Amino acid sequence: MTLEHINQILAFVVFSYSDVHITVAKIIKVPLILFAIWFIVTRIGKLITKTLLAKKLSQDAVHLFTRIYFILSIAILIFTSLEVLSIPLTAFAFVSGAIAIGVGFGAQNIINNFISGWILMWERPIRIGDFLEVGNAKGVVETINTRSTRIRRNDGVHMLIPNSQLLENTVTNWTLIDGNARSSVSVGVAYGSDVILVKKLIQQVLDDHEAILANPKSSVLFDDFADSSLVFNAIFWVCAESETMLRKVRSDIRFSIYAVFEKHDVVIAFPQRDIHIDGEIAFKRS
């Protein structure tokens, strides 16, 4: 096969649109150019991400920047392809109008979630690593995509929540400002116990736990005169990354309270009922 024959094959017009002729050479050239540009773009993107993480920028800020970078890169790839093929943008005027009508009727939710995703990434009411409470589910945000947000629940299960729901519904963000969260542990002691000693012992347990913050200061409240117990409520603050950590701290406090009460002979109350019978009780033999 001669060089002239190869040139004839490459110059063969596959199809034409208006005055634009799409040849075999252009069809072969476009994928090669796109592959080369995309290879460079992805390598630069990884380098930028690595540099931003090294500067200790927050993950959500890095995520937003990389998304913007890749969208701009895709736009450049599209315009480059059109330029190589010598196709003017006006050629897509009719097609884009038809697509716009189709999107308007059939993809409202997709567009809504797409715009909501960009609002979440730009305004940052929810960030990667935040601990959220959405309905009955609690978990940590792992990634914010353009359509949905992925949350890992406390039981390890992943949830995909549409971005529009995070903006339109009530969402509790435990770590929006900081990681501090308040929690409490209740305990009931028997009637007749030394309430001053009980308060002192519970406060000692709170002061000795390393995970409990010194500010805001923890406190012990005499909460109620219950049916079978005197109820005390230990209130404390913890810098918690998840609900699992809060549960562990509460568990540690209960273990410590039980041990210190046993050491000082403080009785933890349990339900008791006194029965009073008026009159006499007679037993008959059958």
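How many helices and strands does the protein have? Eight helices and 10 strands, in a model that is predicted. Keep the whole chain in view for a moment before you start selecting.

**The whole protein**

Of its 286 residues, 31% count as buried. The protein exposes about 19,500 Å², and carbon and sulfur atoms supply 61% of that area. Now think about contacts between residues at least 6 apart in sequence: 60% of them join residues at least 24 apart.

**Stop 1: helix α8**

Select residues 243-263, which make up α8. This helix has 21 residues, and the distance from its first C-alpha to its last is 30 Å, close to the 30 Å expected at 1.5 Å a residue.

Next, colour the buried residues of α8: E243, L246, V249, R250, I253, I257, V260 and F261. Turn the view until you look down the helix axis. Where do the buried residues of α8 fall? They lie within an arc of 115 degrees, so they line one face of the helix. An α-helix has 3.6 residues a turn, so residues three or four places apart point the same way.

Then select R247, K248, F255, E262 and K263, exposed residues on the face of α8 turned away from its buried side. To see what the buried residues of α8 pack against, show β3 (131-134), β4 (137-144), β8, α7 and β10. Just after the helix, click on D265, which takes a positive phi of about 60 degrees.

**Stop 2: the largest nonpolar core**

In soluble globular proteins, nonpolar side chains tend to be buried together. Here, the largest nonpolar core has 24 residues; select I202, F232, F236, I253 and F261, the members that touch the most others. The elements giving two or more residues to this core are β8 (180-189), α7 (195-208), β10 and α8. Which element gives the largest share of this core? That is α8, with six residues.

Zoom in on F261. Leaving aside its neighbours within four places in sequence, F261 is in contact with V187, V189, V198, L201, I202, V266 and I268.

**Stop 3: a cluster of rings**

Select F222, F225 and F232, which form one aromatic cluster. A search of the whole structure finds two aromatic pairs.

Is F232 buried or exposed? F232 is buried, with a relative accessible area of 2%. F222 is partly exposed at 37%, while F225 counts as exposed at 59% relative accessibility. You have already met F232 at the previous stop, as one of the residues that touch the most other members of the largest nonpolar core.

Technical notes. Residues numbered from 1 in each chain as written. Predicted model: local features only at pLDDT ≥ 70, side-chain atom pairs only at ≥ 80, totals over all residues. Heavy atoms only, no water. Phe/Tyr/Trp six-rings, centres within 6.5 Å; stacked < 30°, edge-to-face > 60°. Buried < 20%, exposed > 50% of the residue type's maximum accessible area, 1.4 Å probe, protein only. Core = buried A, V, L, I, M, F, W, Y, C linked by side-chain atoms within 4.5 Å. Helix = DSSP H or I, 4+ residues; strand = E, 2+ residues; numbered from the N terminus. Contact = heavy atoms within 4.5 Å. Expected span 1.5 Å × (residues − 1). Arc of directions from axis to C-beta. Areas by Shrake-Rupley, 256 points an atom, 1.4 Å probe, with all protein chains shown as cover.
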